[in-house]
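Dear colleague,

Please find the structure below, together with its sequence. My notes on what was found in it follow directly after.

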Amino acid sequence: MRKRSISGRVLMALVFVFLYAPIFVLIVFSFNSTKSRTVWTGFTFDWYLKLFQDSTIMGSLYVTLLVSAIAAVIATVAGTVAAVGIFNMKRRHRNTILALNNIPVINADIITGVSMSLLFISSAAILTKVSLSLSSLLGININLGFKLGFGTLLIAHITFNVPYVILSVLPKLRQLDNNLFEAAQDLGATWIQAFFKVIIPEIRPGIVNGLIIAFTMSVDDFVISYFTAGHVQTLSMTIYAMTKRRITPEINALSTLLFITVLFMLIIINVRQSSQEKKLKKLRSKLS
Amino acid sequence: MRRRYLAAVPHVIWLSVFVVAPLILVVVYAFTGSGGGFTLENFENMGSYTSVFGRSLWLAFIATIICLLIGYPLSYVLSKEGPGMQRIFIMLIMLPMWINFLLRTYAWMSILENTGLINRLLASLGVFDLINRIFDTNISYIPMINTQGAVVLGMVYNYLPFMVLPIYSVIVKIDSSLIEAAHDLGAGSMTVFRRIIFPLSLPGVLSGITMVFVPAVSTFIISRLLGGGTNILLGDLIEMQFLGNAYNPHLGSAISLLMMIIIMICMFVMNRFGEGEEQAVLM
Amino acid sequence: MSKEIIRLKDCTVAFDDEVILDKINLYFNDKEFLTLLGPSGCGKTTTLRIIGGFIKPTSGDVLFNGVRINDVPPHKRKVNTIFQKYALFPHLDVFENVAFGLRIAKVKEAEIRERVMEMLEIVSLKGFQHRKVASLSGGQQQRVAIARALVNRPKVLLLDEPLGALDMRLRKDMQSELKRIQQAMDITFIYVTHDQEEALAMSDTVVVMDRGKIQQIGTPEKIYNEPKNAFVADFIGESNILDGIMHEDFVVEFFGRKFKCLDSGFTTREAVDVVIRPEDIDIVEPQKGRLSGTVTSVTFKGVHYDVIVDFKGFKWLIQTTQLHHEGQEIGINIAPDRIHIMRKSEYSGMFGDYSSYSAEYDEIAEDYGDETEGSEDET
């Protein structure tokens, strides 16, 4: 028995207006014919066309997608392997590792970003010193020093992605029937075969979920990238740089496109899920 | 065979190098000066920023309370909907998070500015004319941008989903037979809420509070975009020490360290507060 | 017996055109132990939830002491429920769980203490008051649930398969425990189960239900000895059910032979169902029996053997303490008072043939029943 109160509906409506008002504004002004973001001057598609010609935006979009994709894939593989290891640890060790693992999740992004930039800057300084002295010692030119850039950005992204993958895979491992692994081996599978043929398929939902979370976190991140990317610019950083001056409606156009893509993806996922559920329900009612 | 736990070793090494070591570096930097050598100078220098600390904590606190006041009833109402509707609403709550949060915050600027959408709307409705005539004033806009209110609004806007999702997921898991049992034992709807639903949803509330408070207390975007130059927060202070004009990573580290301590205290209090509740969720 | 306390009048429950309960008429007497018995999906839990107030009947009335209570919410009814999985509050300890209803009724603290402790003693949980409910065993949780309901001194206690989650031994103990508590508290118990043994052992009255309808109401003895139709005969205990023809009062024909019986009141040559319980059949030498057949399987059951005997292609179950062998020819005799005649019903021909008999059959059916019960409740 469900009760639906009018006040509840009103609250929901208000919250959704609040959540979507700025998005609505963004989308509407992506079609505005002038650069104004408060006065409507007429309809145009120009910003969408200009968007694809703007090398700064497209460049930073490319960096964002590239670093997110690489970081998400590496983090998913590494996180799944690590989750299996953590799952098989003794309770006490497991809790310690999980506490460590949770640090990037719980900690404020700005601290994660700042601390990593400290690490990169100071190790780069040390390496430069070392290579200088090595060069003079050996008489050849060695340069081990590095600058903050794509590499450090990638490391940072992997670092904050892996914990999310682990947190999404571990529960699936817990749900696993303890005997599955033994059963596979009993039937003649080796350790590796059992892992790939039995364990991986069973925990696949967790892995996929982890991959999606990792990718989303990466695309969405600004703060950590800001402190670790050096001269490379991600999309968030480009937008931030623009906010200091004025955002061009091209960015509005880009986010409109992103929004619509995500919306479609979610709708497809939802429709598929609910049709699956309906099928399951039908099957069940047939059985009983 | 029996050493499957070894699979975690690379991750442990990675964590030590890229999570633990950097945090240790923060501590080291916080207690050293630019010339090297131990010093407490960084902490002494922080005295002049007391007001920033106070403002950060206060605004984050207000934003967290508002998120709770909106988020809890919303989660509760959501959990009463049919399963299909629930999924759609949850999707709608998460969807805005897919738009870059800088952009969403920036969009609020367009709405709140002195020549922004709200003020334009009010002006075209003749509200300002009316006020000016009645009170014999001469205003053409309501100042909203660059106030602390705007900063809080930005925090609530960005972090509300972090409050709703954990609370909602705990409430929907409450076994409906518990609610029936309470009714059966004579409890009316209010009593059932007070004695069963609320206590059982506390773990969600606590994690919601931390998930909102931590980013709110450390943000520097929201304050920069919506708060103007006068309402700087802890996050701004740290950012300025590392990438801004006031380059001083030692002071920045000291502030970061202090912020970490604040976050740890906050988590500790929350954990103590919710002790024993964890069991309830697991059941 | 004593006076009536609850009455269901033409109660129908339907969800989206699916009829769960079909015009149920039923009354409950004060201080009786009544059991609603039936397979999963028969409507027994729905009936209980109507009385508890968790479901409103689509049509029909619920009367409590003659007053219509259809619209009285659960928390204002003088009935308490023991839920299938107990529904103990995980955030409260044993004492607070039991005290819950009293606190809501604003009973004085001293009295709460006294009544809770007294109740914990009755259910043998003294000394457990400060334990977390999660740390208790299934049997102990069960007792907390009983105490929590009974401490409010309800007029009627509703029990929804309360022993379902317990193992066999504990179940047996709790059966007699429940009976004892019911007698000690002197109140009405309405008990829902799909376990016929449990129903027969504990109840004053058994209501057998199937497909949303009441099939039979009566004492356990009456239900067992004089089932009304093939469904009841098959559901309560084991039965051989045969097609027969009633020639005249006290004479029935099956397998081409006439048998004496004690039933009367049928029209001449009326087709009927004949029930013969497996333990009521005497095995004799082949030539000495009224019927003869071949043993096709023998299963040792501890106290007796289950023997399947083929009579002209129709297989009977016979329970005997003597060992017979597969392939052996035997004869049988049936005393007139062991033959029970039922009118034909929609269930005729569906039960009572042991051609596909297997010793595990019942257990499989029960497991299946438990599973579907859960999903039924969600609707």
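In which strand of chain C does C:Asp10 lie? C:Asp10 lies in strand β1 of chain C, which covers residues 4-15. Helices (H or I, at least four residues) and strands (E, at least two) are DSSP runs, numbered from the N terminus.

Before going further, please note how the model is to be read. This is a predicted model, in which local features need pLDDT of at least 70, side-chain atom pairs count only at pLDDT 80 or more, and totals for chains, interfaces and linings use all residues. Residues are numbered from 1 along each chain as its sequence is written, chains are lettered from A and ligands numbered from 1 in the order in which they are written, and side-chain values use heavy atoms, with hydrogens and water left out.

Residues with a positive phi

Most residues other than glycine have a negative phi. C:Asp10 is not a glycine, yet its phi is positive, at about 50°. C:Asp10 counts as partly exposed, with 40% relative accessibility; here buried means under 20% relative accessible area, exposed over 50%, and partly exposed in between (1.4 Å probe, protein chains only).

C:Asn65, also not a glycine, has a positive phi of about 50°. C:Asn65 sits in the loop between β4 (59-64) and β5 (67-68) of chain C, and its relative accessibility of 40% makes it partly exposed.

A covered helix in chain C

Helix α2 of chain C (residues 94-104) is mostly covered, since 10 of its 11 residues are buried. Among the buried residues are C:Val94, C:Phe95, C:Phe100, C:Leu102 and C:Ile104.

Chain B

Chain B has 14 helices and 0 strands. Its radius of gyration is 24 Å, well over the 19 Å that the globule rule gives for 283 residues, so chain B is more spread out than a compact globule. That radius is taken over C-alpha atoms, and the globule rule is 2.2 Å times the number of residues to the power 0.38. Along its principal axes, the C-alpha trace of chain B spans about 80 × 70 × 30 Å.

Of the 283 residues in chain B, 54% count as buried. Among contacts in chain B with a separation of 6 or more, 70% are between residues 24 or more positions apart; contact means heavy atoms within 4.5 Å. The accessible surface of chain B is about 12600 Å², and carbon and sulfur atoms hold 68% of that surface. Accessible areas come from the Shrake-Rupley method with a 1.4 Å probe, and for residues only the protein chains shown count as cover.

Chain A

Chain A has 11 helices and 0 strands. With a radius of gyration of 25 Å, well over the 19 Å from the globule rule for 288 residues, chain A is more spread out than a compact globule. The C-alpha atoms of chain A fill a box of roughly 75 × 65 × 35 Å along the principal axes. Buried residues make up 45% of the 288 residues in chain A.

Within chain A, A:Leu14 belongs to helix α1 (residues 6-29). Is A:Leu14 buried or exposed? A:Leu14 is exposed, with a relative accessible area of 57%. The C-alpha atoms of A:Leu14 and A:Ser274 are separated by 27 Å, and the two residues are 260 residues apart along the chain.

How the chains meet

Between chain A and chain B, 75 residues of chain A are in contact with 77 residues of chain B. The area buried there is about 7300 Å², of which carbon and sulfur atoms give 76%. Buried area is the accessible area (1.4 Å probe) that two parts lose on being put together, summed over both. On the side of chain A, the residues that lose the most area to chain B are A:Phe18, A:Arg37 and A:Leu118, together 9% of what that side buries.

Chain C also meets chain B, through 22 residues from chain C and 20 residues from chain B. About 1900 Å² is buried between these two chains, with 67% from carbon and sulfur atoms. In chain C, C:His75, C:Pro90 and C:His91 lose the most area to chain B, together 30% of what that side buries.

With kind regards
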